[in-house]
Amino acid sequence: MPPIISVKHLSKTYGSGFKALNDVSLDIHRGEIFALLGPNGAGKTTLISIICGIARLSDGTVTVDGHDINKNYRAARSLIGLVPQELHTDAFESVWATVSFSRGLFGKPKNPKHIEKVLKDLSLWDKKDSKIIELSGGMKRRVMIAKALSHEPQILFLDEPTAGVDVELRKGMWEVVRSLQSAGVTIILTTHYIDEAEEMADRIGVINKGEIILVEDKQALMQKLGKKRLTLHLQGRIDAVPEALSAYRLALSDDGRHVTYDYDTKGERTGITSLLSDLRNAGVRISDLDTTQSSLEDIFVSLVRAP
């Protein structure tokens with residue numbers, strides 16, 4: 001099945017000469033949740049803006065379900081719903097009027113049943129007659145999603161959808177996103193919350209300095225780049241790791257009572273058996289041990305810090 005979004009050799013250079021995107025190629029699969037991660041200024045919002053037809057590309061091509069975003073703008077844009085990072089709504093309009101008006105902007109005929117369904121799905125039905133100014137930040141964010149879904153798009157872009165939203169509402173948003181995916185909507189998510197990507201995404205893309213540095217299935221990424229950390233709890237305090245153990249690159253805790261050992265999960269040998277033996281030979285006695293798997297956040301930080 002062809003990708004629903006295909007970006008080929010995309011570059012964006014502003015009039016000042018700043019190159020925001022450099023030769024970006026990316027395919028988004030139909031029906032997936034794709035998380036685009038990157039530090040501030042990496043090019044996430046620029047990339048989304050170009051795909052959504054808000055900003056113009058300098059080089060390359062973007063197609064949305066086969067429609068070129070430049071040559072067939074209206075057809076491509078009608079397939080896309082965008083929830084921007086900033087909250088832009090008419091503060092004194094009602095929720096119903098705001099969402100209904102957004103549908104009309106795309107030339108869609110009135111469909112009160114669809115608007116009702118969207119508002120109910122987003123737990124906004126009891127607020128339909130409320131003015132936007134009366135809503136909480138989390139509810140305003142949901143209204144932005146309702147506006148983006150008003151014209152029945154196949155693709156939904158969520159640019160930092162839970163920024164400034166408390167933990168409980170974030171979890172509620174995750175449930176909304178999952179229900180949209182179940183209904184067949186393709187979702188592209190940018191977020192600063194790495195746990196959000198780890199919880200929600202099928203695939204992860206990392207962008208840094210205007211270039212895509214990695215696109216990978218989430219589980220494969222964590223298996224491929226993840227490391228495990230073995231923490232050894234010592235029976236007594238030591239001042240330094242014995243020289244005989246230097247090859248293991250152990251890290252000693254500040255209190256001298258724990259050492260940690262990082263090992264590759266995909267290596268043929270972890271080295272743990274020999275480490276335990278060498279610890280014993282060096283006179284270092286352990287009372288307990290435990291392991292932890294590196295998180296997606298650890299992987300992300302290592303990727304963007306790489307030279």
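Buried residues make up 43% of the 307 residues in this protein, which is shown here as a predicted model. If you display contacts with a separation of 6 or more, 68% of them join residues 24 or more positions apart.

**Stop 1: the largest pocket**

Keep the surface on and select Arg 77, Leu 82, Pro 84, Met 144 and Lys 147. Among the 19 residues that line the largest pocket, these five lie nearest its centre. The space in the largest pocket comes to about 380 Å³. To see what surrounds it, select α1, β6 (80-83), α3 (95-105) and α5 (137-149), each of which supplies at least two residues of the lining. Colour the pocket lining by residue class: eight residues are nonpolar, seven are polar and four are charged.

**Stop 2: the largest cavity**

Hide the surface and look inside. How many cavities of 30 Å³ or more does a search of the whole structure find? There are two. The largest cavity has a volume of about 60 Å³. Select Ile 145, Leu 158, Pro 161, Thr 162, Met 173, Trp 174, Val 177, Leu 189, Glu 196 and Met 200 to show the lining of the largest cavity. Two elements, α6 (167-182) and α7 (194-200), each give two or more residues to this lining. The largest share, three residues, comes from α6. By class, the lining of the largest cavity has eight nonpolar residues, one polar residue and one charged residue. Thr 162 and Glu 196 are both part of that lining, so under the class scheme Thr 162 is the polar residue and Glu 196 the charged one.

**Stop 3: the second largest cavity**

Clear the selection and pick Ile 5, Leu 26, Ile 28, Phe 34, Leu 36, Leu 47, Ile 48, Ile 51, Phe 157 and Ile 188, which line the second largest cavity. About 50 Å³ of space lies within the second largest cavity. Which elements each supply at least two residues of its lining? They are β2 (19-28), β3 (33-37) and α1 (44-51). Helix α1 provides the largest share of this lining, three residues. Helix α1 also supplies at least two residues to the lining of the largest pocket at Stop 1. Colouring the lining of the second largest cavity by class gives ten nonpolar residues, with no polar and no charged ones.

**Stop 4: two backbone angles**

Finish with the backbone. Most residues other than glycine have a negative phi. Select His 9, in strand β1 (residues 5-13). The phi of His 9 is positive, near 50 degrees, and the residue is not a glycine. Is the side of the chain at His 9 buried, partly exposed or exposed? His 9 is partly exposed, with a relative accessible area of 49%.

Then select Arg 249, which sits in the loop between β11 (227-234) and β12 (251-252). Arg 249 is not a glycine either, and has a positive phi of about 50 degrees. Arg 249 counts as exposed because its relative accessibility is 75%, and the cut-off for that class is over 50%.

Definitions and conventions. Residues are numbered from 1 along each chain as its sequence is written. This is a predicted model: local features need pLDDT of at least 70, side-chain atom pairs count only at pLDDT 80 or more; totals for chains, interfaces and linings use all residues. Side-chain values use heavy atoms; hydrogens and water are left out. On a 1 Å grid over the protein atoms alone, a cavity is a set of points where a 1.4 Å probe fits but cannot get out, and a pocket is an open set with protein on both sides within 12 Å along at least five of seven lines; lining residues have an atom within 4 Å of a point. Grid points are joined across faces, edges and corners, and a volume is the space filled by probe spheres set on the points. Helices (H or I, at least four residues) and strands (E, at least two) are DSSP runs, numbered from the N terminus. Buried means under 20% relative accessible area, exposed over 50%, partly exposed in between (1.4 Å probe, protein chains only). Contact means heavy atoms within 4.5 Å.
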